[in-house]
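Dear colleague,

Please find the structure below, handed over for your studies.

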Amino acid sequence: MKLESPPKITLSVQGMTCAACVGHVEEALDSVEGVSSVKVNLATEKATVEITERDLNLQNLITAIQEAGYEARVYHTKLLIAKNGPLTDQDVFPIFDDNPGIRNVAVDATEHSVAIDYLASVTDREEIRGMIESAGYNVTGYDEPEDFDQFALDKENESAVLKGKFLVSIIGAGSIMAFGLLQNLLGVSFISSQLTHFIAFAIATPIQFWAGAQFHRGAWIAIRHKKSNMNTLITIGTFAAYLYSTIATFVPNLFTSSGFNASVYFDTCTTIIALILLGRFLETRARRHASDAIQKLMEYRPKTARVIRNQIEDVINVDQVVPGDTVLIAPGEKIPVDGTIVDGLSHVDQSMLTGESIPIEKIPGDAVIGGTINLSGAFKFVAEKVGKETVLAQIVQMIEEAQSSKAPIQKLADAVANIFVPLVLIIAMFTFTLWSIFGPSPSFTIAMLNCVAVLIIACPCALGLATPTAIMVGTGKGAENGIIIRGGDALEEAHKINTLILDKTGTITIGKPVVTDVIAANKGQENEVIRIAAIAERFSEHSLKEAILDKAKELDILVDEPEEFQSHSGLGITAKIDGKSVLIGNQALLDKHKISLNEFEKMAVNYQQQGKTTMFIVAEEAVTGLIATHDPVKNNAPETIAQLQNMGLEVHILSGDNKKTVDSIGQSIGIKSVFANLLPEDKAHQVAIIQAQGRKVAMVGDGINDGPALAQADIGIAIGTGTDVAIEASDITLIDGDLNGIVTALKLSQRTMRTIKQNLFWAFFYNVALIPIAAGILYPLFTTIAPPAFISPILGESGFLNPMMAAAAMAISSVTVVSNSLRLKNFSAPN
């Protein structure tokens, strides 16, 4: 793991249909100078590009995608501008000069609107609106749907088109079959067989060229770029049956003169197209459900906010809220942005963020999060984070990035996909050649049908969807339970964890220590001990700072600024106060300065055995006092530790606190292995020592001093209530800080990886098992053994797979993979 990630560009890519397409896009983007790595996700239709040059020309990436035969998805929006001044091209165009995501701008001075085409995933309407308003214009609204709704709308339209084409195709295929049944089964001959062929041709032709157009277009683009994909297989297969039947219809003598039967297979090509369209339709619908988690999160964001500006209350679009605005919230309303309460009391439902349904009490000074729901009271708060800076927006962004990532296990599927289609084409050619030479009569017809079956049954779709659909649902399910998983690699690595290391303060404990005891060297000077400690801690980032300052406030002690101040990570503070040299810290700090504890040593040991943390106050090299603090253990810590141990995990505690205090905490929650008196670099070193023993380690922490250890561990798990450094260094974030989230995250990882392995097994098994059957491998068996009657519609009398059944199997395979991934939506957090 790295604390700083390389710059990334995400592009939404149109036209990908299978794993081979993913490989083509990755290869094209990887060839662009300045690109260090590329990850393309079929399920989300996004390409994530890591770049080495921050000034990389975005057009180079778009051109590479287009030259590979695909398109970068472009959205359209129209912004309505208040009519309080002229609106001209000369004024508007320069606004977007520095936004590479803008593709086209059109200004309508009459309507007072600006229409913009922009690249999805590179920019969005919120950013565009901000740029326009920063230039002095007042945007009054939009004429188009939200970004996410736009993608959903695209998918709805795609589903509608697929459904319409499927219905036409299946009706056409059914009509052709009906004519055949009338003639063959009922012996009806009111029309000649030749006329039946002409009618079948008339029905099949629009289906072949209209309903199947998207496959043929994709195949032609691939061929132009010297590539092949699933569309190539479908097009060759259906056109083989269609052209064979067309020739048999219009020039039957060409077959009969050579001793062949002039049979037609229009029902085959139309049914194949119908079933593949059905599979695509079902797959598209299922994939839309895979991203339900993001859609649910987006729905939590209200459209408007009530603000007070210049002592006037006004309802505005949430995109217009700026930091510093005073926002009014009534009972039952959603909170629009992040901020801090300045007036009023209430209880807030934060379940959308944490998965915890118990309302949280809010008072002035408390933070509120956009998207959460105010339940009881009314209050005012000052907006602090808006737009992309809100917690909700960042969570959505992290989930989108995670869903667009790849798990390492996907590499095998990608490697197979790169050679899959060419290999299937070779097998199909070999099948045709073999059966046309050595096959039973009519050998040419059998060779053609077996070749079509091989082409149609091969399914690189399932390979491409096996991993990303499971990751989409798994990361989304994590978000519903207050767990943010950063990517497929973290999800995969987490299921291998066999050792868990916990930080103490803020992880096992609630992270809000309170002062319990104050001892002064001179009786009656306890308040002076607190005063000196509070002044020294005023600018520190020490975990006990708030406890000491709260105690000073409780005692009405005035806290000045120190004259000098220096923090010593893991040890304490040195400062100059009232002209005196002061040390505040643990015994290691005093030992470093060779200061004797005298009678304070026994008192410290006594407090430490009670699970309390002690700190010493030293002035002019003499111990003047001792402060003991206690940080209560989280309520469910013992039960969670027991669950983790029952899962087979070794559990350890790492802490910068003294050994006796950490031992006491460990004993109270059932952990025997503790490491104490550790500096931040010592924590990372201890993680490395355990890893060197062959253990897969997850580190859980919340503070700045946990950052190195989180980065060193195989999986870093950050408590969301902790510091940004800890969260940035982590692979998994528990938003609400509940330790049970560790159990949920690990079990979700195991369940997701099990689903991925099931998907990959099915995808590989399907192709490995059925392609040989389509090629006719069962023929020798069927010549010696009479097949069961129920198999005949599928394999006929000779063991040759009906191409229509091959199309049905291909459609079922990708739908099965997606449906299996959707079963993850039933995952529930363990109690």
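In which helix is Val768 found? Val768 is found in helix 28, where helices are DSSP runs (H or I, at least four residues) numbered from the N terminus. Val768 counts as exposed because its relative accessibility is 61%; exposed means over 50% relative accessible area, buried under 20%, and partly exposed in between (1.4 Å probe, protein chains only).

Please note that this is a predicted model, in which local features need pLDDT of at least 70, side-chain atom pairs count only at pLDDT 80 or more, and totals for chains, interfaces and linings use all residues. Residues are numbered from 1 along each chain as its sequence is written, and side-chain values use heavy atoms, with hydrogens and water left out.

Leaving aside neighbours within four places in sequence, Met16 is in contact (heavy atoms within 4.5 Å) with residues including Cys21, Leu42 and Tyr70.

Helix 14 (residues 410-438) has 29 residues. Among its buried residues are Ala417, Phe420 and Trp435. The buried residues of helix 14 pack against several helices, including helix 1 (19-30), helix 8 (230-250) and helix 28.

Yours sincerely

Key. Helix = DSSP H or I, 4+ residues; strand = E, 2+ residues; numbered from the N terminus. Expected span 1.5 Å × (residues − 1).
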